Amino acid sequence: MLEFEKPLYWLMGLSILVLLFLGIAQDGFQSSVQGFIRIQSHPGRLINDFTLVGGTGGAFFNAAVMTILSLFLVRSSGIRISGPTLAATFTIMGFALFGKTPTNALPIVFGVVLAAKLAGKPFKNYILFALFGTALGPVVSFFIAEIGLGGFSGFVAGYGVGTVVGFFLPAVGIVMLRMHEGYNLYNIGLTAGFLGLFVAGVFRASNMNVDIEVLWNREPTLAHQLLVPLFSVLFLLGGIIRSPNKILINQKKILKSSGRLPSDFVDSATVAGALVNMGLLGLVASGYMALVGADFNGPTLGGLLTLFGFGAFGKHLRNTLPIFAGVVVATLLFGKSLVAPGPILAFLFATTLAPLAGEFGPLIGFAAGFVHLVMVEQSAAWHGGVDLYNNGFAGGLTATLFVAVIQWVKANKS
Amino acid sequence: MKQKEYIMHLLAEVSNYVLEAMPSRMVISLHQESDGLHLAVIDNNERPEDELESMRTALNSASRPEMAEYYGSMGGTDLVGHARLSLIGWQIKHADVTRRDKGTKIDLWLGSDRFDSRQFNIPSEEKL
């Protein structure tokens with residue numbers, strides 16, 4: 001383990017303890033474990049708030065287990081923990097509150113392992129596909145929990161199909177990356193959405209119901225409200241303590257970056273810089289949620305944790321604020337509520353487009369945020385909610401549109 | 001990635017970087033050795049020392065197999081953003097960046113250490 005990885009593993013360990021403590025303090029140990037077990041056989045398609053399915057304790061327990069498994073995968077494959085792995089781990093933690101479970105993630109990872117074997121490469125080369133690729137977990141849950149195959153048959157079908165979609169992730173992911181040229185941070189969201197179109201197509205052709213249903217916790221507890229602010233303070237202090245004299249220098253370095261994939265702030269601005277940036281983003285986004293009175297539930301905590309994780313891998317205040325503004329203005333202009341599920345999730349996840357603002361300026365960023373809200377409200381239905389990173393899917397389409405136009409203008413400018 | 005595609009990605013990304021400074025000359029030399037490959041790119045653009053240093057840092061970044069395999073595939077495919085040498089750095093064995101006459105020479109080693117790149121330089125005006 002490299003020297004700079006130690007504080008990151010410590011902070012991740014502390015985060016898992018905070019998660020478990022808050023969950024168990026809320027619901028008790030036994031109830032949390034029972035909730036966790038209940039979640040394993042529950043549908044995972046968008047939007048299923050696990051804090052309602054398994055209670056706060058069960059959902060937090062599920063998130064803790066998923067985080068531990070992710071860290072184990074990173075450590076055992078010999079990959080360093082840094083920007084992309086931090087982003088992936090917090091994304092997994094967040095989405096384990098509304099869709100990902102160890103049960104539905106396993107076959108996806110196995111599919112990526114098979115792809116690596118076939119390509120003759122070590123698994124560590126493909127680990128990011130495996131970690132982010134768990135976005136397609138609901139495909140597995142669909143067979144286990146939704147179509148009534150039941151027990152063993154459901155597991156066999158789910159694990160079979162899950163392995164197949166996992167197998168395709170690396171091949172498709174690389175092509176999708178070239179489409180938007182790294183301006184959509186959740187590239188696997190676009191990839192999973194693309195694969196999801198085919199999966200949902202087959203489901204629909206077989207007369208299976210893939211309509212979107214929303215299970216949304218409107219009565220979040222104090223544990224929900226405290227989670228991300230606590231993480232943010234923890235990471236912020238960690239960064240300040242590690243390098244108290246270089247806070248501004250590091251932040252300046254990060255703010256100069258466009259954030260385009262791959263922008264590893266642990267590499268470019270030190271561990272301390274990345275930690276402070278994560279903390280700042282977490283506090284700002286949580287502050288906005290509190291200000292508008294949004295629900296701190298499974299899906300929104302997922303959004304906050306993803307934003308927080310990508311504070312080490314592409315997002316910072318300069319490139320996210322214009323995106324935020326675009327989503328808020330679009331929400332108000334179309335007469336929607338700022339705290340309704342669609343707009344609040346779009347607010348948090350639209351920052352997948354942060355590199356557009358970082359590279360081409362706040363006006364482009366604002367426009368991208370605006371267009372994103374329009375797109376994301378439609379795109380979940382296309383893939384039947386089997387791609388948990390629906391905002392990554394819509395963001396990828398939006399980024400591709402912007403990149404195509406910018407490229408055309410650039411190529412034809414005299 | 002197959003060798004041909006791999007080389008094309010590297011060539012395109014490093015050419016993209018060099019051409020951003022709009023040199024009037026660029027020479028690319030590619031040599032396949034039995035145990036590796038050497039790529040030399042020479043231009044007639046004088047770069048300040050701090051740029052040369054940042055090029056060295058980007059091209060000699062630590063091994064990141066997870067980044068090389070995934071994001072390294074973007075090398076040479078960018079049409080909108082700036083060229084990024086770190087995409088190459090994750091994928092090669094070693095790189096040297098040196099000042100040559102009135103230009104810059106970038107040596108990329110992808111396996112072989114035996115190749116002597118000193119024989120390559122921008123042809124003089126008379127030879128052109």
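**View 1. Asn207(A) in the loop between helices H10 and H11 of chain A.** Asn207(A) is a residue other than glycine, yet its phi is positive, near 60°. Most residues other than glycine have a negative phi, and most peptide bonds are trans. This is a predicted model, in which local features need pLDDT of at least 70 and side-chain atom pairs count only at pLDDT 80 or more, while totals for chains, interfaces and linings use all residues. Residues are numbered from 1 along each chain as its sequence is written, chains are lettered from A and ligands numbered from 1 in the order in which they are written, and side-chain values use heavy atoms, with hydrogens and water left out.

**View 2. Cis peptide bonds in chain A, one of them between Leu46(A) and Ile47(A).** For the bond from Leu46(A) to Ile47(A), omega is about -15°. Ile47(A) sits in the loop between helix H2 (29–40) and helix H3 (50–53). The bond from Leu261(A) to Pro262(A) is also cis, with omega near -10°, and Pro262(A) is in the loop between helix H12 (247–256) and H13.

**View 3. Packing of helices H13 and H16 of chain A.** H13 (residues 265–292) and H16 (residues 341–349) pack at about 165°, with axes 11 Å apart; the axes are lines fitted to C-alpha atoms over the stretch in contact, and angles run from 0 to 180 degrees between N-to-C directions. H13(A) and H16(A) are therefore roughly antiparallel, a term for angles over 145 degrees. Ala285(A), Tyr288(A) and Met289(A) of H13(A) make the contact with Ile344(A), Phe347(A) and Leu348(A) of H16(A) (contact: heavy atoms within 4.5 Å).

**View 4. Salt bridge between Glu3(A) and Arg242(A).** The closest N and O atoms of this pair are 3.2 Å apart; a salt bridge is a side-chain nitrogen of Lys or Arg within 4 Å of a carboxyl oxygen of Asp or Glu. Glu3(A) lies in the segment before helix H1 (5–27) and Arg242(A) in helix H11 (residues 222–242), so the pair ties together parts 239 residues apart in sequence.

**View 5. Interface of chain B and chain A.** The contact takes 22 residues from chain B and 32 residues from chain A. The buried area is about 2,300 Å² (accessible area, 1.4 Å probe, lost on putting the two parts together, summed over both). Three salt bridges cross the interface. Arg64(B) forms a salt bridge with Asp267(A), the closest N and O atoms being 3.1 Å apart.

Terms used
Helix = DSSP H or I, 4+ residues; strand = E, 2+ residues; numbered from the N terminus. Parallel < 35°, antiparallel > 145°, perpendicular 65-115°, else oblique.
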